[in-house]
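Hello,

Here is the structure I promised to pass on. Please have a look at it, and then read my notes below.

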Amino acid sequence: MKNSTGKKLNELCLTAPSMIWLILWFVIPTVLVFLMAFKPVDPWGGIGSGWTLQTLRDLSNPNYPEIVVRTLLLGVGSTAISILIALPLGYYLARVSKKLRDLLLLLIIIPFWTNFLIRIFAWKVLLHAEGPLAHFLTFIGLLKPDATLLYNPWAVLAVMVYSYLPFAILPVYASAEKFDFSLIDAAQDLGATRLQAFFRVFLPGISRGIWTAVIVVLIPALGAYLIPDLVGGTASELIGDKIAQRTFIDRNLPHASALSALLMFVVMIPIFFVVFFTGSRKSITGTRHSRGVKQK
Amino acid sequence: MKDHYLTKRSFFPKFVTWATIVFFYIPLLVVAVNSFNRSKGGGVWKGFTFQWYRQLFSDSRIWEALRNTLVIASIATVAATVLGTLCAFALHRYRNRLQKTHYMLVYLPLIVPDILRGISMLLLFVLLFAWVNPLLRQTLGIRMNLGITTIIIAHITFCLSYVAMVVLGRLQDFDFSLYEAALDLGANKFQAFLKVVVPAIMPGILAGALLSFTLSLDDYVITFFVAGKGSLTLPIYIYGSMKHGNPAVINALSVILLIVTFLTVYVVQKLLEDKK
């Protein structure tokens, strides 16, 4: 009896500091985002008293549907491209010698650790009207002189893929490394073509890594603010830009909260979808895998 | 014995891999070359110069930014490492409803976009200050504002989750029969913990701390939301110069930060390697 209260006390001492910290600075602020969407704005850029639905009505701004659609398209697009690159890359990494693999992983991790602003800045330099790429394209006649490659949705897409690709590669590689490659040989011995073996044995075998990659790329992509802000220009604004503008330029915190609540929903939908989907997927791949092992 | 079909025949994965590496490094290479380029805009090579580095070091704002950034990162790292390590121990040792909630709370911040964490903390601080500042003014005659303190609180919050995950990973790899062996051999619980468990998970704690430190150095979005006016950090300085400043000077700053990054990654790799 005494022992079990001691154990409880031990657990509380270990749990309380981080738990209280997170409730105070993560849970409460997150709840506030939803509450503040129902508050009026006061003339000094603060939050007024009383409750209102006006802020939510303001969301019917005619520009917003376009911005939401663009956010979704760029989010899904950059995720799809990142996964498509990460798949062959993860496959290759899992098959090469340890020495080469360690070198390649290091080369992939370094940009991952590099300051985010610096990475975006590097693209600004690269795509700039006087930058090397524009010079080259003008030289071979593909681009009009003084035209810029910056400030359009394609620049945003390129920089998003550049920034988030390492997030996609690492989980795909981690799954591919654990994958039993003799299963592919078995499939081919049983008459599958190379592509069939890749799609029907390899991909289901690493589905967990793929779904992790989808989540870790899609979420920052949907919440992107710096990339469209710095290389996108006004024609490629995303929800993130609008939240920042409402906060810092208009000083309308309730409106920014309402937009944030909207973004929260947009982000949560794919997460629930993926968690649900991978949950059901895992058992399928699990059985497939064990069957493969038994046959061996 | 038959070799693997796919690796033997397929050139495609190899091509994609190397093309990606080139894709990763070309922009960084352009920045590095331009940091020594006499031409301000880049594009054409107009001769070698150190002038952008000299200009960078003579800007007093950068030193202020660097000092603030290091102060914030150091305090946030120490606090997040302590909180995150305690958290990992709790998650690893106990399996019950409380720890399930605990795990959710630690994990969720990792999948919430930065901008949402930034604005949510700003809202909390704005409301908190609106509530306590009249009280403080009456009693102590002071006033709380957004600034270094609020930045530190925000940084501890996002670093905590990363430390907890890294340390938890290390704990899961640790063979706890070693701890029991130490107890059997006459160590008391405290000794066994200090002499067996702590050294084994130390690389995880250090890696978590280093990760916190770099994340804190790196963060712009959350920082900018809770910084208020006048608190300058390195990313805020970089952002300002990107929008209104001299791009050539940021090239120089980028090269210095890249070198720091290379060294950090090297140290972290070494720390995580001795695990095997």
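A:Asn152 caps the N-terminal end of helix 7 of chain A: one of its side-chain oxygens is 2.9 Å from the backbone nitrogen of A:Trp154. That is a polar contact (N or O atoms within 3.5 Å, one able to donate a hydrogen and the other to accept it; residues adjacent in sequence count only if both atoms are side-chain atoms).

The model is predicted: local features need pLDDT of at least 70, side-chain atom pairs need 80 or more, and totals for chains, interfaces and linings use all residues. Residues are numbered from 1 along each chain as written, chains are lettered from A and ligands numbered from 1 in written order, and side-chain values use heavy atoms, without hydrogens or water.

Helix 7 covers residues 153-178 of chain A. Helices here are DSSP runs (H or I, at least four residues), numbered from the N terminus.

Now the interface. In chain A, 87 residues are in contact (heavy atoms within 4.5 Å) with 89 residues of chain B. The rule finds 1 salt bridge across it (Lys or Arg side-chain nitrogen within 4 Å of an Asp or Glu carboxyl oxygen). The side chains of A:Asp229 and B:Lys243 meet in a salt bridge, at 3.2 Å from N to O. Helix 1 (residues 2-36) of chain A gives the most to the side of chain A that touches chain B, with 22 residues.

Best wishes

How values were computed: Helices (H or I, at least four residues) and strands (E, at least two) are DSSP runs, numbered from the N terminus. The expected span of a helix is 1.5 Å times one less than its number of residues.
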